[in-house]
Structures are given as C-alpha cells and as structure tokens.
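Please look through the sequence and the structure shown here. The briefing that follows is grouped by topic.

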Amino acid sequence: MKKLAEVLRDWEAVIGLEVHTELTTLETKMFCNCRLSHDDDPNANVCPICLGMPGALPVPNEKAIESIVMAGIATNCEVMRHSMFYRKHYFYPDMAKNFQTTQGPVAFVMHGHLDLEVSGQGAKERPDSTVEKAQDGSYVASIRILRIHMEEDAAKMNHVGGAEGRIGGASESLIDYNRCGTPLIELVTEPDLRTPEEARLFMEKLRQTFLTLGISDCSLESGSMRCDGNISLRRRGETRFGTKTEMKNINSLKSLHDALEYEICRQAEVLEEGGIVYQETRHWEPSRRRTVVMRVKETADDYRMYPDPDLAPFDLSDEFVERCRARVPELPDAKRDRYVATWGLRRSDATQLAGDPAVARFFEDAADVTGAKVVPTLANVMVNLVPSFKALTVAQVASISSLLAADAITFAQAREVLEVVDGTEGDPERVVDERGMRQSTDTDALGAIVDEVLGRCTAQVQQYRDGNRKVLGFLVGQCMKASKGSGNPKMFNQLLAQRLEA
Amino acid sequence: MANLDTLSARQVAAGIAAGDFSATEVARAALDAISARDGQTQAFLQVSEELALSAAAATDAARAAGQALAPLAGVPVAFKDNMNLLGTRTTCASRMLEPYESAYTATCVQRMLDAGVTPLGKLNMDEFAFGSTTDSSAFHPTNNPWDVARVPGGSSGGSAAAVAAGEVTIALGSDTGGSIRQPASLCGVVGMKPTYGAVSRYGVVAFGSSLDQVGPMGRRVEDVALAMNALTAGGHDRFDSTSQNCDQDYLAHLDDSIEGRRVGVIPALLQAEGLTPEVRAAMRQAADGLAAAGAVIVEVDLPNMANSIAAYYVLAPCEAFSNLARFDGVRYGYQEPGCATLAEQSSLSRAHGFGAEAKRRQMLGAYLLSSGIYERYYLAAQKVRTLITADYQRAFGQVDVILMPASPTVAWEHGAISDPAALYLADVFTISNNIAGNCGISVPVCLGADSGLPIGAQLQGPAFADAQLLTFARALERSCGMEGSVAPAFAGKGGELR
C-alpha cells in the first residue's frame with residue numbers, strides 16, 4: 001500500500017465522526033432511578049423500568065438534559081428549545097424494550113463547531129495546496145457539528161463458549177443490564193475532517209471539553225467514550241462523495257488516527273486498482289494494524305422511528321438554558337489564552353496545560369504557591385517533568401519550580417529530587433540540602449574556580465579566542481567538575497564569557 | 001343482614017366503620033359471591049383470596065386500634081388483568097404473559113389499596129386490550145351477566161361483568177378506544193374514562209400510550225366518583241411523566257343542579273349506520289331526562305368525528321407494535337422451548353405467545369411505521385387528531401358535555417360478529433374521545449325496548465372537567481332509575497353478609 005502522504009496528494013479523504021459519550025458523572029440512569037455504575041455485580045443496578053417490565057414507564061433525568069445542553073453550549077451549538085424523544089426499534093436483547101429511546105430529527109443541541117489548531121508533524125498530513133497555512137506550517141480547521149442528541153445506552157452482552165466472544169457459535173449469551181439505560185449523548189460531525197490527524201485532534205479537543213464540563217470520565221479505553229469514523233475518498237477536485245465505510249472498535253486517540261490512516265490507504269489501493277469500496281462496517285484490529293469487515297450494509301435498516309408517546313415534548317425555558325450556560329466553566333481555549341496573556345507562557349505549553357482540567361487545576365494551584373515570576377518555569381516543569389512521575393503534590397512541584405527559577409539546582413537535579421519525593425510528602429528543599437545539591441551563586445567563590453580552570457586550560461582558551469565558541473561548553477564542564485557540581489552552570493557560563501571576552 | 005349487591009361503596013365502608021360488619025366479613029361475602037357467580041360470568045382470571053383476606057384483616061385491625069378508616073375501607077374491588085399487583089400474575093389475557101408474576105404494583109392499583117379497598121383479583125379482558133368483546137382472551141371468554149350467551153363488550157369485559165353480576169363493588173378498567181365505556185354500556189354499569197393524564201398509567205401494561213387511560217366501573221355514579229378520589233389522591237405520579245395533578249374531591253359537586261347547564265347532542269350521529277332503534281330511543285330518553293333536570297339541549301357538530309376510526313386504527317396499532325416489542329421471551333413471559341438461536345426463540349415465542357388479534361395489530365403497526373409508509377399514514381393521522389381535538393374545543397365552547405351512545409347496539413351473541421373491521425366500526429362513538437384526550441362516561445339508561453338488554457348513554461366532557469362530567473352523570477342516573485342494578489339472574493346469589 002502507498003503511504004498516507006502519497007495517497008492524500010491525489011485523493012481527498014472525507015471523514016465524519018460519531019462520538020458516543022456516557023454521562024458517567026451522573027448518579028442515576030436516563031429514565032429511572034437506578035444507580036449508574038458498571039462495576040457492580042451483573043444486573044445489580046436494574047429495576048422494572050430499565051428491564052422493560054410490562055407497564056413500566058420512563059421518566060427523563062433532568063440532570064442529563066442539563067449535561068447535554070452544557071455540551072452543546074461548549075461546542076458552539078444552538079440549543080433547540082423544542083425537541084422530542086423518539087423510539088428506535090430493533091429486536092436485540094441488549095435493549096430491554098426492543099426499542100431505544102433516542103431523539104428524532106431535532107436534537108437538544110444542533111449546528112455547532114470546534115476549531116482545531118493543527119501544527120507540527122500532524123499538519124503535514126494535509127497537502128499545503130488545500131488549506132491556508134501559516135509560515136510554520138500550522139493551520140486552523142473549523143469542524144462543523146451537525147447535532148448532539150440524547151439517548152440511552154444498551155446492556156452489555158457476554159457471549160460464552162464461542163470464538164472471540166462473538167454471538168455466532170456461542171453456547172450461551174449472558175446479558176448484564178447495569179449499563180442499560182445509561183444516559184448517552186451522541187455527537188455527529190459534518191464530514192469536514194480531511195486527515196487522520198484532524199480526526200485525532202477533534203476527538204482530543206472534544207474529550208478535553210467534556211472533561212472540563214465534568215459530564216463524563218471520557219475513557220476511550222473503558223468505552224465510556226466511543227468513536228466511530230465514517231470515511232470515503234474522492235479524487236481531488238471531485239465534489240461528490242465516494243462510498244463510505246464505518247470504522248468501529250477505536251479505543252484510543254492513536255487507534256483513531258491509525259485506523260483512519262490504514263483505511264484511507266486501503267480505499268485508495270482498492271480504487272486505484274479499479275475496485276469498488278463497499279458500504280460496510282469495519283473493525284479496527286490494533287495488534288495487526290488493519291481493519292476487517294464486520295458486516296456489509298446491503299439495505300438501510302428500518303428502525304420505524306416515531307415520537308415516544310410516554311415522554312412529553314420538551315420546551316426548554318430561557319431559565320433552564322441560562323442555568324446551564326452559567327454552569328459551563330472556563331473552556332480549554334479560553335484557559336490557554338489566559339495562561340499566555342497572564343504569564344507569557346509558550347502557546348504550546350499553555351495548550352497542553354489547559355487541555356486536561358485536572359492538570360490545569362494542579363498547575364494553577366501550584367502557580368498560587370510560587371507567584372507569577374516562577375510560573376514560566378513551573379509550566380516547563382509541568383510539561384517536561386511532572387508527567388514522568390506518579391504522585392507529586394502541588395507543594396512539591398511549586399517548590400522544585402522555585403528552586404529551578406532561582407538557579408539553585410539544575411534540571412537534571414530537579415529530576416533526581418522528584419524521584420526521591422515522588423509518592424511521599426517529602427520536601428524537595430530538604431532533599432536538596434541533605435544532598436548538598438544547592439548550587440552556589442556566590443560570584444566570588446565561583447570566580448575563583450573559573451580563574452583556576454582558565455589558568456590550566458590554556459589550549460582551550462586559545463581555541464576560544466581563535467573563534468571556536470563551542471569550547472565554552474568544555475570549560476563550563478571543567479568548572480562544574482571543579483565545583484563538584486555545586487556551581488551554577490549558567491553563572492559559570494556568564495563568568496567564563498566575561499573573562500574570555502575581556 | 002344485607003347483601004353486598006345492594007350496598008354502595010360508601011355504605012360498605014360506613015358499615016365497617018360503624019361495626020355493622022367487619023371487613024373480613026365483607027371479603028368473605030365477596031369471595032362467596034364470586035364463587036357462586038363467576039362460573040357463569042367467567043369474569044375473573046385470578047381470585048386473590050389471600051390478598052383480599054389479609055387486606056381486610058388489616059382494615060379490621062386498624063379499626064380495632066381506633067384508627068380512622070380510609071374512604072374505601074373494605075370495599076371489594078378487582079382489577080383488569082393489565083394492571084400489575086404484587087402477589088398476582090399480570091397476564092393481559094395472553095399466553096405471552098401467562099406465567100408472568102407482577103414485579104411491582106401499578107400506581108392506580110396502589111392508590112386503590114391506599115384508599116383501603118379489599119383486592120379480590122384480576123379480571124378478564126381482550127388479549128392486551130385489543131378488542132371489544134373479551135372473546136379474544138387467550139384463556140376463556142366472559143359472559144354478559146344480563147344474558148350469558150352474549151358478550152360483555154370489551155376490552156374491559158371482565159371488569160364490566162364482575163360489577164354487573166355483583167361480584168365486586170368497583171372494578172378498574174382501561175380505555176384506549178372505548179374499552180371502559182362500551183362494556184359498561186353493554187353490561188348496564190357506570191364506566192368512566194377520565195381525562196388523559198388524570199390517572200397514572202405506571203404499571204398498566206401499555207397498548208396505545210397516547211390513548212390509554214385507567215378508569216373506574218361501578219353500579220353507581222357515586223361509587224365511580226369515590227374511586228376517582230382514590231385514583232387521583234396524591235396528584236401527579238412521578239413515575240408517569242404524562243400524568244397530571246387531578247387531585248380533588250369528585251364527590252363535592254356530585255349532586256349539584258344542572259339547571260340551565262348545556263348538553264350537546266349531535267343529530268347526525270343518531271342517524272349513524274348500524275345504530276339500532278332502541279339505542280336511538282334510549283338516547284332520546286336520556287336527553288329528555290337531562291332536560292327534565294333543567295339542562296338545555298343544544299345541537300353541536302364534530303365534523304371530523306367520522307375520520308376518527310381511520311386515524312385511530314393508524315395511531316393505536318403503531319403504538320401497540322412498539323409497546324409489545326418487549327415481549328420476546330428473553331426476560332420474562334412465554335419462552336418457546338428448545339430453540340437453537342436467538343432469532344428462532346424470539347420469533348417462535350411471539351408466534352405462539354400472541355393470539356390472532358394481537359398479531360394483526362402489531363403487523364399493522366409495523367407496516368404503518370415503516371419508512372415511506374409512516375409519512376403517509378402516521379403523520380396524516382396525527383393531523384386528523386389535531387382536527388378532532390379542535391372540533392371538541394369548538395363544541396365545548398358551546399356546551400358543558402356532549403351526549404351520545406357508547407355503543408350502536410346492545411350486547412351481541414358470542415361469535416355473532418367475526419369480521420374484525422366490523423368490530424372496529426362499532427367503536428365509532430368512543431374513539432374520538434381518546435383521540436382528543438377528553439373525559440367520558442357511560443351511564444345505564446334503560447333496558448332496550450326490543451332486546452331487554454341494558455343500554456348506556458355516554459357523556460363526554462372537556463379535558464380536566466371530570467368532576468363536572470360526574471355531576472351530569474349523576475343527574476342522568478337520577479333521571480333513569482337504573483342506579484345500583486345487579487343483573488337479575490345473579491342478584492342475591494351468594495354475597496350475603498352473614
């Protein structure tokens with residue numbers, strides 16, 4: 001198969017995503033009072049309503065509707081004041097009523113967008129001719145969102161005794177209804193994505209947004225956030241869509257990217273060999289890095305959708321919508337801009353810190369401790385050091401950042417100190433003192449060492465004066481050695497340069 | 001001592017409160033009446049003797065402890081078998097649910113229990129409430145107490161027959177297109193379909209969710225009003241998001257005068273095809289009776305009523321298809337043994353669990369909801385629904401209630417009408433009321449001059465004017481003299497209070 005870059009020169013990939021998110025942070029299910037928890041024993045959290053017992057009726061969970069309206073506001077959607085629940089019929093035991101309660105043509109929120117900043121290596125996936133790029137190759141892609149609608153999740157089925165947990169060949173199928181009736185929001189994008197990287201970034205941004213809203217734990221791994229990718233190819237310049245395939249079993253951002261990359265290349269090969277892309281659902285196999293056919297859609301399913309007569313139509317009031325709006329916290333983009341404006345952080349660092357609400361909260365708590373001057377160093381520590389540790393405290397990270405900002409230790413020493421205190425309440429300053437790491441910034445003491453080094457390294461001094469500036473690094477190293485690591489390398493650098501230039 | 005046949009619900013409760021007889025004695029008398037009469041009527045599917053005696057014992061214990069008794073304390077009541085009651089099976093008269101043990105108690109049943117009633121069991125019906133004869137019950141037909149060769153009407157035929165034969169004082173029925181009012185008319189009892197939303201549907205096995213409404217049946221308007229008090233006590237049911245707060249005292253205005261109030265009649269309706277002369281005469285008698293009580297009779301029109309059957313037989317099957325989809329033999333109910341695959345199990349369980357009419361309606365619904373068809377029929381039917389509702393609003397601007405038959409004929413013999421479409425057409429007077437979500441009631445007027453069988457007159461009122469409807473029903477009852485009648489062949493058979 002050809003490589004992605006090569007394929008995308010000739011072909012345009014048209015990608016749309018369908019993202020299902022379980023509202024895991026709610027206490028109860030969508031239409032009954034059962035506890036939301038999938039960890040309990042099978043069928044522990046069930047009642048006549050979510051089991052579809054005769055005569056049971058649904059009552060909507062108002063908190064779930066608040067959550068979806070917040071999700072819509074955070075993704076620039078229009079809140080539809082009037083919408084309804086519909087029944088979508090299909091016979092399968094994972095749906096206790098043999099219909100799923102979902103929404104019809106009008107969803108709670110519709111017509112939004114998310115803007116993606118695509119930069120670095122990922123930006124190269126998109127041929128320059130198709131988009132306006134900045135000098136560094138980055139560009140902004142605005143991805144329209146068709147709708148986000150509310151529905152209920154199905155039960156989990158466990159097919160026992162067959163191959164690969166599939167129903168075909170299984171000797172029995174066990175059904176766990178704990179998940180049945182879990183509030184689920186489904187976001188559908190317009191087919192505006194053009195590269196696997198854009199799709200990956202969209203999912204990442206959506207995940208960060210929902211995490212910031214606190215409406216879900218957004219775990220692709222455990223399936224509380226699930227993403228299906230629809231993809232078709234067309235020749236550059238063509239305006240009609242090609243036949244699409246649907247990608248399932250995507251349980252990480254990397255899988256999303258890789259599955260789409262594979263599928264783009266596969267479809268290109270099929271088309272270039274004169275073949276036909278069939279409308280089908282394909283399963284991503286991460287271990288073998290390929291997609292395989294799950295089922296072919298020969299006819300459109302007829303779900304016999306009609307308005308659910310058990311649930312009155314919704315007319316969302318101004319008060320309700322404003323209450324939801326007030327509950328939307330500062331979103332990652334706004335947070336990033338504030339970090340740049342307030343502390344002069346690098347945009348890429350600010351983006352990274354603002355993305356995950358837990359990281360952002362940690363960072364801001366530490367910033368409160370260190371004070372503004374140290375924050376750029378703190379940001380550097382957060383981005384480059386903290387992720388490699390298990391359990392650092394705000395106080396530890398603030399302390400190490402302050403030590404670095406004061407040039408009291410080196411970056412390498414900071415890592416060493418954090419290794420000692422990680423997972424404990426240990427104080428970094430104490431470790432620094434105990435280990436005699438604190439670097440001297442005493443100009444006289446360091447000056448004496450510099451003079452000593454310059455005195456014995458006459459050859460290198462001559463090389464420097466002849467124009468070989470690289471030799472400065474060697475001289476700094478000699479000074480560090482002579483100070484047994486206690487001298488500040490930046491100071492040595494300055495003092496050496498002063499004397500050599502004199 | 002008295003016979004339960006002659007006591008109103010209020011008299012039963014008062015007699016227990018006064019110590020004239022105990023709730024246990026009442027329960028035993030009711031069980032005695034059932035065992036003496038139900039062999040002929042076959043109104044019951046299950047008699048819940050244990051539940052009845054333990055509820056009665058609780059009532060007696062409460063009285064002994066000096067507690068104030070609930071308004072329907074000790075009153076013998078039974079429930080249509082589409083209502084869940086813990087400790088009973090809820091079968092909907094279908095093989096599909098024959099083994100199904102209620103997992104919980106329906107709100108309407110619970111509210112009756114809270115009002116102190118003694119629950120005597122579950123009553124026969126057309127399978128899943130699809131029908132107007134009760135002949136489509138999977139277990140056995142029910143016989144009309146006025147002539148056991150005839151149908152009691154349906155689908156709440158067991159409820160109507162049990163009340164008419166004096167087996168219980170009050171029964172609950174459900175009405176999707178006339179299933180309370182039509183059997184009430186055919187069995188000579190009072191049957192009320194309250195406004196949609198007035199009574200919670202939670203726990204009542206759904207047929208047509210936007211049309212279904214639970215209501216009481218009794219031998220007196222007063223008994224029905226007392227039951228309405230119980231059914232609406234507590235107001236909105238948080239388990240039914242379509243339920244409304246209709247909690248009020250339905251007895252308070254029962255005996256108000258209707259002097260100068262306006263009763264609508266629709267002359268064209270009395271010319272309807274199939275309407276028998278004796279029913280027409282009964283309607284005239286009812287109008288005269290109301291006029292004699294001071295009401296003004298006014299001609300009104302519901303121009304779109306003729307389309308109500310067509311709209312109903314689109315909307316109701318669509319909802320029925322959807323509501324009955326859950327019966328697949330996986331979790332509960334009838335499960336075909338020995339199936340190799342899921343698809344086989346589901347389809348054979350459904351093929352053998354459902355009767356012919358249940359299959360017919362589900363297939364009709366599945367067809368009508370399919371893409372391309374839905375737009376032509378379902379959406380058109382919803383528009384007709386809007387027109388019918390608007391017709392009623394116009395009419396109720398002119399009158400307080402509208403008088404019409406509940407059924408074009410008196411009860412017919414079992415098997416006399418076998419064409420389903422002919423049966424559907426007999427619903428012409430009741431269906432539009434469900435479509436509009438209004439309230440309606442059938443009150444016995446007389447015995448037909450030709451047949452000697454009971455004929456009811458239906459009064460329909462605007463949504464949420466249920467109390468006013470009962471005032472008119474009481475006035476009609478007073479003018480007709482049928483109050484409290486037990487079918488003659490059954491009166492006095494068992495049911496004696498010692």
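In chain A of this predicted model, residues 24 or more positions apart account for 70% of the contacts with a separation of 6 or more. Chain A has 502 residues, and 41% of them are buried. Its secondary structure comes to 17 helices and 16 strands.

**Chain A: extent and domains**

- The C-alpha trace of chain A spans about 95 × 55 × 50 Å along its principal axes.
- The domain assignment gives three entries for chain A: domain 1 (17-194 + 204-235 + 302-315), domain 2 (332-434) and domain 3 (443-501).
- Over C-alpha atoms, the centres of domain 1 and domain 3 of chain A are separated by 62 Å.

- Strand β12 (residues 245-248) of chain A runs parallel to strand β13 (residues 280-285) of chain A, and three bridges join them.
- A:Met247 has A:Arg282 as its bridge partner in β13(A).
- On β14(A), A:Arg282 stands opposite A:Val293.
- β13(A) and strand β14 (residues 290-296) of chain A run antiparallel, joined by six bridges.
- β12(A), helix α5 (residues 253-272) of chain A and β13(A) form a β-α-β unit, and the unit is left-handed.

**Chain A: the hairpin residue A:Arg289**

- The hairpin of β13(A) and β14(A) has four residues between the strands.
- A:Arg289 sits in the loop between β13 and β14 of chain A.
- Its phi is positive, about 50 degrees, although A:Arg289 is not a glycine.
- Most residues other than glycine have a negative phi.
- Is A:Arg289 buried or exposed? A:Arg289 counts as exposed because it has 12 C-beta neighbours inside 10 Å, and the cut-off for exposed is 12 or fewer.

**Chain A: helix α5**

- α5(A) has 20 residues.
- From first C-alpha to last, α5(A) reaches 29 Å, close to the 28 Å expected at 1.5 Å a residue.
- Among the buried residues of α5(A) are A:Leu256, A:Leu260, A:Ile264 and A:Ala268.
- Residues three or four places apart in an α-helix point the same way, because the helix has 3.6 residues a turn.
- The buried residues of α5(A) also include A:His257, A:Glu261 and A:Glu263.

**Chain B: helix α15**

- Helix α15 (residues 466-480) of chain B has 15 residues, which should span 21 Å at 1.5 Å a residue.
- The end C-alpha atoms of α15(B) are 21 Å apart, so the span agrees.
- How many of the 15 residues of α15(B) are buried? The count is 11, so α15(B) is largely enclosed by the rest of the structure.
- Those buried residues include B:Leu469, B:Leu470, B:Phe472 and B:Leu476.
- Charged side chains are on the buried list too, including B:Asp466, B:Arg474 and B:Glu477.
- The cover over the buried residues of α15(B) includes the helices α7 (221-232) and α8 (277-292) of chain B.
- That cover also includes the strands β5 (190-193), β9 (401-405), β10 (439-447) and β11 (454-461) of chain B.

**Chain B: backbone exceptions**

- Most peptide bonds are trans.
- B:Gly154 and B:Ser155 are joined by a cis peptide bond, with omega about 5 degrees.
- B:Ser155 lies in the loop between β3 (118-123) and α5 (157-164) of chain B.
- B:Cys92 is not a glycine, yet it has a positive phi of about 55 degrees.
- The loop that holds B:Cys92 is between β2 (76-80) and α4 (107-114) of chain B.
- B:Cys92 is buried because 33 other C-beta atoms lie within 10 Å, and the cut-off for buried is 20 or more.

**The contact between chains A and B**

- Chain B gives 36 residues to the contact, and chain A gives 24 residues.
- On the side of chain B that touches chain A, α9 (308-323), α10 (342-353) and α12 (374-398) of chain B each give two or more residues.
- α9(B) supplies the largest share of that side, three residues.
- By class, the side of chain B that touches chain A holds 18 nonpolar, 11 polar and seven charged residues.

Key:
Residues numbered from 1 in each chain as written. Chains lettered and ligands numbered in written order. Predicted model: local features only at pLDDT ≥ 70, side-chain atom pairs only at ≥ 80, totals over all residues. Domains from an automatic or database assignment. Pairing = 2+ DSSP bridges. Right-handed = clockwise from strand over helix to strand, strands pointing away. Contact = placed C-beta atoms within 7 Å. Expected span 1.5 Å × (residues − 1).
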